Every structure is written in structure tokens, then in C-alpha cells.
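These are my notes from a first look through the model. I went element by element and wrote down what I looked up.

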Amino acid sequence: MSNPIGFEGVDSAANGTKKGANASNIELSDNIKNQPLHTEQSSAEKSKGKKDEDQFLKDGKSKIDYVMVYKNETKEGEDEVRRAKRRKEFFANLKEEGLILEQADPDTDEDKNTFIKVHAPWSVLARYAEELKIKMPVKENDIDEPTHIWTFLRKVPNPFSLSKEFIPQETNYFTLAFVRSREDEFIMESRDTFFSGTTRSRIVHEILEKARYDPDDRTKFGFEHMVANGALAACFPLHDGDWHSDQSLLTHGSLNNRHLLYEEWASPKRFYKQQPLNLIRSYFGEKIGLYFSWLGYYTIMLTYAAIFGIVTFVISCITLGSSVKVNEICNEEGPGSLIMCPLCNERCDYWHLSSSCFYSKLTYLFDNWTTVVFAFVMSIWATMFCEFWKRRENTLQYEWDLFGFEDNEENVRPEFEAKAPDKRISPITMLSEPYLALRTKFPRIAASIMSIFFMILLVVAAVISVIIYRIAIKVALARTNSEFVSSMSSIVTSVTASLISVILIMILQNVYERVAVWLTDLELHRTETEYEDSFVLKMYLFAFVNYYSTSFYIAFLKGKIPGNPSDYGKIFGLRQEECDASGCMQELFINIAITMCGKQFFNNFMELGAPVILNCIRSYKGKQEEKTGRGKYDQWEKDLDLADLGPRGLFKEYLEMVVQFGFTTIFVCAFPLAPFFALLNNLIEIRLDAFKFISQLRRPYAARAQDIGAWYAILLGVSNLSVLTNALVLAFTSEFIPQAVYRRRGGNGTLEGYIDFSLSHFNPEDFEPGTAPVDSTYNNITDCRYRGFYESIPPYDYNYDYWVILTGKLFFVLIFEHVVFLIKFAVAFIIPDVPDFVRDQIRRENYLAQQALHEATLQSALKDGPGARNRGAANA
């Protein structure tokens, strides 16, 4: 599959090909000796002979793979003695694993922190690389990419492409799992450059995660627990160096990969450029690389949806003046002079239909024939996005050696190993392994489900409170003596209720996140992937109810069961609010626009604004000491002053985007500009996230992941749901079906007279006791109109037109969703999930693996003698 054109592009010449490990010019030594300082040199510094001593131990050769920090306590209390004892045991176990620890020299006696630099020698790296089944290059890729139109287009210069001068093409390799005994079969210039920085930090992270700090308690292990109990203040891999430079990239080159990523990725000047995904992956790891690849791909797809949405909106604006329905409502001498029934009991007066002129114009912009076409296209777009991303993801899985990661490479969580109460014989290895039996798992799952149900009920209670607010405030505004305030009651109610809803959403989201973490810990999942998937499903289920419930209320409940003036529907004794005479679409639009845009603005500020402010405060002292010459502001001190990504990693970034995906698909027919605003947000979001990861966050652990996890299942579910919701909104919330029926049955193909057709008659003498207007300014009213299709005489039941329209609505929903799903299944059948070119390379790699095993078997047989040689050849 070809690279998408735009902001997501992979910095490779061809898809479906793997890149070699990033070889850094670092000399490694297994022995730590006091030698003159020697440092890693970037491409720019090599020519000048500069050195970066912050990246190495004191010997000047051994790369710093991780840094541990603990606070220097001024008081010798019982807690500090206990923490010191834990650190001593923890460090001893790390050394026993083969890691080399070195304490950084303090700048002054007043330093509050002690830094421990960690280095993994070759013996440790090779042993764990084999244990973790890390794939390394064995042969240069010898399969030519097939020639097609996308190959040609990629070679055409365009302004979105990455600079080949700074981000050159990498060599393509086939890879196999590393084996120490067959070291010479792998492509290796030297042991010093064989493992990339991310691979080194991943191996060290694995050791730090499992090392125990209490020999008497097997549940006390890992640096995360050490940080939680105060024995350590932080633990992180180092950034490569500074992310900015006073010198031009064109004249002096990049200082390091971090600086290069800023200049070519995070800089606002590069907002229109493709993303250097391979460089992102090599610096931050596959998990973060997959996130930015998905975000870029989603942004590319949004571009097409945004263009279509803008065209839809422009056509709506152009045709607004020719709308028969709008012109009739705004005609004060025609249908606009119709007297409407009061909007509330007793205090509200009759009113003229023409006062809804503004709302009718606003409604038309989002409720006309163009939005029907747009909703159909977007329903197909949502399902196609998921199909094409799956194909793109499979390509990345091969490129980045992620196929089979969850089955073959992912290890059991240390928490599961330590806390699982049961044991069993593994059906795979036939060895004893920790296990969680159903009798133990069921109570945990049951407790989790009940807690989730309770939290969802809490959200529903919040939604009901907002509904009651809407009813109360609309009645209060409608009862005022000011005609202007009364006429604006609907829009004021919608705006303020949406703002209150946004605030409640943010508060409840933070509360539920803490509950979800506790529940997921309680469930005791075996692997990190299972843990994350469970946590994601809990949080999204809550977020779905939290973010979309108000929109569902407006779209499918508001105005659907208001009754008639002789018997209004009530909620907690309050008369249910009605839709405007022109419909509820404008209120749905206002709610979606405020919730979506307000959420995005708040999240962007919290993601970047808060870390920038806090980082400036934390780093002020270090910068001042270096500026005044009182001390050196080392790289590990700079990184400590940065914000931490947190234990949930990319969860908030994914959640923000997936919730946005819901707003751009589930109710998109009510807000055709949603894809455009989502596109604008994402163009900013990509660069904000890039800037945040490069400059405001400590370098995160280079985690691996096979895919985007449970988020794909959620996206697929949302895209399928959007087909149904858009069909229902068009059928039951918009005026599309009633207008179509009127054109067919009584309008002679036009909408002239539609307003009179859509409003029912009511005799004021039939008002429910205590609901008729008091002190009305309208005298001798014998008939008022209200929205709906009802008989003109008591008991005001639904008329024949209501049942005809209802049948049409149900038929439309059935046809709409069947057509969309048929197209989706056809495309899914025609286009394979894995491109043929990638499938060929996978087969080629498997063949090479079989050949390598064959050769290793023969060599082993030759060493064992003639008899063994024959047996080995026969076995092979």
C-alpha cells in the first residue's frame, strides 16, 4: 500500500519494507574505568570535534541507558532508613543482573537529588535480546517494490515531503529473532552500534521493572513501586541532548535526533509536512510511533471529509434565500402571522410564528437535501476509514517487526506473576506458571461491572439535571416581559446548558479515571496489552455516555413525546421542553459544536499549557545556577525537571481523538462543519503533541505494541453506530421525511404550504386546567398552532399523516443502513487487509528463517562428527 499523501507520511521510499536498527556512533565498554570524558557526537558536532559528556558514564564510552533519582533526606528518620534499605537491595539486584550503576557527582553540597546512571553492557543486552525475541537484521531486502501509479506519485516532488538531506532513506532489511550463539549471522558492524538506543532502554526497563527491593516479600518489586513508596523520586531514559539550537539546521546540521525531530516534526513551521515516522519510532518506540501514524492517517482522511463538509455548508448558505420553508416562516403577512400556542404554562403568552425566523434560517443550514447526501457520504467514510487503517496498520506491523508481538514477545506483567493466587501447567511450555482461575476472576469482574454501572448511573443523573435546567431556564426566560429575551430563550438555553454539560463532563471524567485504574488493577490482568484494553474499554464506555448523552437526548427524545396542549408530557412534574417550530436540528448543532470545540480547547491547554508553566518553574533554579557559574545543569537534571508522561501513557491522547471521531461521525448530519473543525484541531494537535513529547516531557520508555489495541474495536463500533444514528437523525430529527411526504402527497413537488401542513390546530378552550395563559395580550383567540401531526378535535390523537410519515421514516432507516453496510462489506471483500507486496515479504522472511535453521542444524551436525552429521542432515 502506498504512503498517504499529506501529514502522515512515513519517511521511507517504499511501504512494506523494514529499516535497519539506528546505528549511533557510540563506543560501549563492559568495564567501567576512570578515563577522560568522551561523548557521543552528533552529525553536526563531529566536524567540530565537540563532545556531549552528559550521555556517557565517566569512562567516556559507556552509554547511559537509564537514570534513577532519589531525594537526599536531611533528617534521618525511620522512613528514610527503610527507603535507604530498599534502595540498597534494589541496586544490589540490578548489579547482580549485570547492569553497571554509577552515581553522578553533585555540583554542590546543597543538591537535593542524587542521580544514579545505569548502563547495560553487551552481555546483558545480548542475553535479554534473546529472551525478549528482539528481531535484528540478517539480510538486505532483495524484493523490488511493484510498480503502480502510487509509486510514481511518491516520486513526484511535492511540498509535503520530508527533507531527504536531513532524513535520508534507510536501508531495508529482513529480520529474525536474535540468538547469541548465531551472532555472526546478523548484520553487525560492531557490538557497539548493533542495538539502538530504544532497544537498549527497553531491555534496561525490563530489568528495572522486575528487580525486587525486599527479599522477604515477592510482591515488592520494580522501579514503579519504588517511586510510589518514595525510595526513588523518578526513573527515566535520557533525552539525546538539547532540542533547540541557536544555529541553523541548514548550515550546522542537527545536534542530535531530538533536535532533528523538533526541526523537522515539532516546529510550527513544519505543520504542513509529513511526519518522520521511522525517526519517531526509533526515538520513542513503536507504541508512540503507531499513535502518531494513526493520528496522521486520521487527519489525512479528515481532509476529504472537511472539503465535502465545507462544500455542503456553502451550498446551504447559497440556497438559504430560496428556501420556501424559511420564507414562509419569516413572512409576517403570510404563514409567519400564525398564532402559536404558549411555550410554558400560565405565564407564557401566545406568539407569532415569524419570531422563529432566525431559528428557521439556522436550522436550514444544517437540515436540507445537501446534509442528507453529506450524512450518507460520511457514513461510508467512517466505515472505510477503519478498513483502510487496518490495511495501513498491517503494513506498519511488518515494517516495524510487530507481527506476533502479543503472542511471541510480550511478557507476563510482574504484578500478575507476584499476585496471581493460582498455578497451572502451561499448555504451551508445559511448565508451571501463575494463573487466575475463574473462581477467583469472577468476583473481581463482577465487582468491576457493578462499579461501572454505578458510575454510568451517576452520569445519567448529571444529564437529567442538565435536562431539568434546560426546562426550568427556558420557562423562566419565556416568562419575562422582554420580547427580545423571550424570543432568544431557546438559543440561550442551548448555549448555557451545553457549557454546563462540558464542565460536568470534565469533572466526572477525572473522577472516573481514578475509579477505572483501581478496578483494572483489581482484575489482575496477565499482560500489559490485556490491562490496557480493559482500562480503555471502561474509560470509553464512561466517556461515551458522558460526552454524547446530551446529544442523544436532543436528537431522539426532546420534542418527541411533548403531548399536546390539552395533555403535555412532563418530567418530574415539569412540562417537557419542545423543539422550535423549525425543528431541533439547530439545538443539536449548538450542543455538538460547543461540546466538541470546548473539549478540544480545554484538552489542548491542559496537555501543553500546564506542562510548559510547571516546567519553567521547575527548571528556573538549574538554569540560574548554570548561568551564574555556580553549577552545571546536566542533561539528567534537565530531564528530571520535565513533566512525566504518566502511567497511562497515550491513553488521554487516544481518548481525545476517538471522542472527536464520534462527534464527526455519530451526529455529523447536524454539524457538517465538524470534520473541518476536527481537521484544524488535528493539524494543531499533531504539532502540539510533537512539541510536548520533544521538549516538555521526559523521554518515555520505548514501549512496543502490535497495534492500537482496543481503540480499533471502538473505532469500528463507533463507525457502525454512526450509520444507524445518522439514519435516525435524518429520519426522526430532521424534516427530511415529512417534507418528502408532503411533496409526494399534497405539495405538487414543492414545499409551498408545508408550514401549515406541519402545524396542528388547537382550541384554547381545551387547555389543561391551570395551563392557559394568564393576562394574555391576545384577545379572542379561537385557534393556536403547535408542532406535530395531530387531529384538530379532542382528544387530539395522531392523525393519518403521522402514521404515513412514521412508516416513511422507518423505511428510510432500513434502506440507508443496508446500502451503507453493503458498500462497506463489498470494499472489505475487494481490498485485502494485508497488501500483496507485504505478504510476499513476510513469506520471504519466513523462508530465510527456515534456511537459517537448516544451516544451523547442518553446522551443528558437522561439529558432532560423521554419524551425527548424517542424523542432522536427515532431520533437516
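Which are the buried residues of helix 13? I found Cys357, Tyr359, Ser360, Leu362, Thr363, Tyr364 and Leu365. I took buried as under 20% relative accessible area, exposed as over 50% and partly exposed as in between, with a 1.4 Å probe and protein chains only. Helices (H or I, at least four residues) and strands (E, at least two) are DSSP runs, numbered from the N terminus.

A note on the source: this is a predicted model, in which local features need pLDDT of at least 70 and side-chain atom pairs count only at pLDDT 80 or more, while totals for chains, interfaces and linings use all residues. Residues are numbered from 1 along each chain as its sequence is written, and side-chain values use heavy atoms, with hydrogens and water left out.

**Cavities**

Next I searched the whole structure for cavities and got 6 of 30 Å³ or more. A cavity here is a set of points on a 1 Å grid over the protein atoms alone where a 1.4 Å probe fits but cannot get out; lining residues have an atom within 4 Å of a point. Grid points are joined across faces, edges and corners, and the volume is the space filled by probe spheres set on the points.

I picked the second largest cavity, which holds about 80 Å³. Its lining has 10 residues, and Leu343, Lys474, Val475, Glu577 and Glu578 are the closest to its centre. Helix 17 (residues 438-478) gives the largest share of that lining, 4 residues. By type I noted 5 nonpolar, 1 polar and 4 charged. Nonpolar stands for Ala, Val, Leu, Ile, Met, Phe, Trp, Tyr, Cys and Pro, charged for Asp, Glu, Lys and Arg, and polar for the others, Gly among them.

I then looked up an open sheet of 4 strands, in the order 2-3-1-6 with antiparallel pairing. Two strands pair if DSSP finds at least two bridges between them. Strand 2 (100-103) and strand 6 (234-236) are the edges, each pairing on one side only. Strand 2 is joined to strand 3 (residues 113-119) by 4 bridges. Ile100 stands opposite His119 of strand 3.

**Single residues**

Glu206 sits in helix 6 (residues 197-210) and is buried, at 9% relative accessibility. Its side chain makes a polar contact with the side chain of Lys210 at 3.4 Å. For such a contact I needed a pair of N or O atoms within 3.5 Å; within protein, one must be able to donate a hydrogen and the other to accept it, and residues adjacent in sequence count only if both atoms are side-chain atoms.

Tyr173 belongs to strand 5 (residues 173-177) and is buried at 16%. Its C-alpha atom is 9.7 Å from that of Glu845, 672 residues apart along the chain.

**Backbone**

Most residues other than glycine have a negative phi, and most peptide bonds are trans. I therefore listed these cases. Asp401 has a positive phi near 55° and is buried at 7%. Asn780 also has a positive phi, about 55°, but is exposed at 75%. Pro794 and Pro795 are joined by a cis peptide bond, with omega about 5°.

How values were computed:
1 Å grid on protein atoms, 1.4 Å probe; cavity = no way out; pocket = protein on both sides within 12 Å on 5 of 7 lines; lining within 4 Å.
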